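Thank you all for coming; I would like to walk through one model this morning, going from the record to the packing of individual elements.

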Amino acid sequence: MVNNRYEQLKKAELGALISIAAYILVSAMKLIVGNLANSEALRADGLNNFTDILASVAVLIGLRIAQKPADADHRYGHWKAENVASLVTSFIMLLVGMQVLYSSILSVINKKTEAPDITAATVGIISAIIMYGVYFFNKRLSEEVKSPGLMAAAKDNRNDAWTSIGTAIAVFAASFNLGWLDSIAAIVVALLILKTAVDIFKESVFSLSDGFDQTQLNQYNEAISQIKQVQAVKSIKGRSYGANVYLDVTITMKPDLTVKESHDITDQIEKLLQDKFQIFETDIHVEPSD
């Protein structure tokens with residue numbers, strides 16, 4: 001199972017590389033055309049996509065590090081490198097989001113409301129089409145290889161497609177002597193960047209601090225309880241290392257069972273959790289029932 005996971009992470013690198021290439025293309029188009037067409041919204045969106053280049057590079061590095069095998073200092077492997085990469089990404093996006101928000105608000109205060117060229121709207125639509133294509137590819141790939149880092153990148157791809165569409169609409173409206181709408185759209189883009197940064201930060205910290213979804217634990221508990229030899233599940237704890245779930249389970253069974261019988265039952269539980277929920281590793285402690 002470990003070797004298979006390494007192969008999945010290797011495959012996930014393709015999605016990160018495609019994201020990097022797509023972001024380089026759309027950010028270059030938006031920044032160049034945004035300056036030529038005098039569009040605050042398109043320039044802001046271009047900066048957003050530039051941060052996405054850095055974010056995708058961070059995801060790629062995280063995937064590479066996560067493939068390193070366990071060593072003396074990392075007995076559980078390097079799986080959490082994906083989560084660390086996501087945390088770094090959130091900081092990058094937060095800084096750029098604040099910069100875009102600051103410059104956009106200044107534009108409104110200083111009344112820099114010249115109507116942008118309609119070409120800017122065309123670039124926004126083209127960028128949205130590109131990013132939606134990348135989103136669908138990465139979403140399918142992340143589900144196949146079960147990579148939280150790539151799934152986060154896919155969601156970011158989708159958000160960028162939506163942002164590009166919003167930018168195109170704002171630029172089109174601004175061309176009808178509504179120049180102020182372009183600057184307002186830039187503020188909205190900045191807020192979207194900040195929201196995405198906060199969401200990624202919260203998810204990363206939750207995983208890195210060993211937070212775990214109680215609903216999932218309840219499902220595991222229910223599945224284990226279906227095994228007739230198990231008298232009760234006294235405790236169950238979970239933690240995530242990248243996409244890998246580790247469980248610590250304490251169960252009670254009849255005290256007259258032999259060591260081999262108890263061992264066979266724990267093997268059955270491990271196989272059940274792996275086959276039904278793809279649990280990476282389960283540590284089971286057996287106690288005699290009253």
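**Annotated spans, a strand pair and a helix pair**

UniProt, in an unreviewed entry, places the feature "transmembrane region" at residues 12–34, 46–63, 84–106 and 118–138; its positions are given in the numbering used here, feature names are shortened, and annotations may be inferred rather than shown by experiment. Please keep in mind that this is a predicted model, in which local features need pLDDT of at least 70 and side-chain atom pairs count only at pLDDT 80 or more, while totals for chains, interfaces and linings use all residues. Residues are numbered from 1 along each chain as its sequence is written, and side-chain values use heavy atoms, with hydrogens and water left out.

Among those spans, residues 84–106 are 100% helix and 0% strand, with end C-alpha atoms 34 Å apart, and residues 118–138 are 95% helix and 0% strand, with 31 Å between the end C-alpha atoms. Helices (H or I, at least four residues) and strands (E, at least two) are DSSP runs, numbered from the N terminus.

Turning to the strands, β2 (residues 244–253) and β3 (residues 281–288) run parallel and are joined by eight bridges, where pairing requires that DSSP finds at least two bridges between two strands. Aspartate 248 has aspartate 283 in β3 as its bridge partner.

Finally, the axes of α7 (residues 214–225) and α8 come within 10 Å and cross at roughly 135 degrees, the axes being lines fitted to C-alpha atoms over the stretch in contact, with angles from 0 to 180 degrees between N-to-C directions. The contact, meaning heavy atoms within 4.5 Å, involves residues including Tyr220 of α7 and Phe277 of α8.
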